[in-house]
Amino acid sequence: MAAAKTTDIADEDLEPVADETASSARRVVAAYATDADECRMLLSMLGIAPGENA
């Protein structure tokens, strides 16, 4: 199996996601995370805090 490609993205190239998208992502992460710590870690990796409303 080939290794996944990664690309570095500069912070200024990132754009905030829509509220609806962030809310949906939070629900998916919460449903599949094994515990609260994993949930927080995954949300952090996605750049969306649990109570953040951008």
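Helices (H or I, at least four residues) and strands (E, at least two) are DSSP runs, numbered from the N terminus. This is a predicted model: local features need pLDDT of at least 70, side-chain atom pairs count only at pLDDT 80 or more, and totals for chains, interfaces and linings use all residues. Residue numbers start from 1 along each chain as its sequence is written, and side-chain values use heavy atoms, without hydrogens or water.

**View 1. The whole protein chain.** The chain has 2 helices and 0 strands. Of its 54 residues, 13% are buried (buried is under 20% relative accessible area, exposed over 50%, partly exposed in between; 1.4 Å probe, protein chains only).

**View 2. A49 after helix α2.** A49 lies in the segment that follows α2 (36-46). A49 counts as partly exposed because its relative accessibility is 32%. Its C-alpha atom is 8.5 Å from that of R26, 23 residues away along the chain.

**View 3. The salt bridge of R40 and D37.** R40 pairs with D37 in a salt bridge, with the closest N and O atoms 2.5 Å apart (the rule: a side-chain nitrogen of Lys or Arg within 4 Å of a carboxyl oxygen of Asp or Glu). The count by this rule is 1 salt bridge. R40 and D37 are 3 residues apart in helix α2, so about one helical turn separates them. R40 is partly exposed at 45% relative accessibility; D37 is exposed at 53%.

**View 4. E12 before helix α1.** E12 sits in the segment that precedes α1 (19-32). Its relative accessibility is 68%, so E12 counts as exposed.
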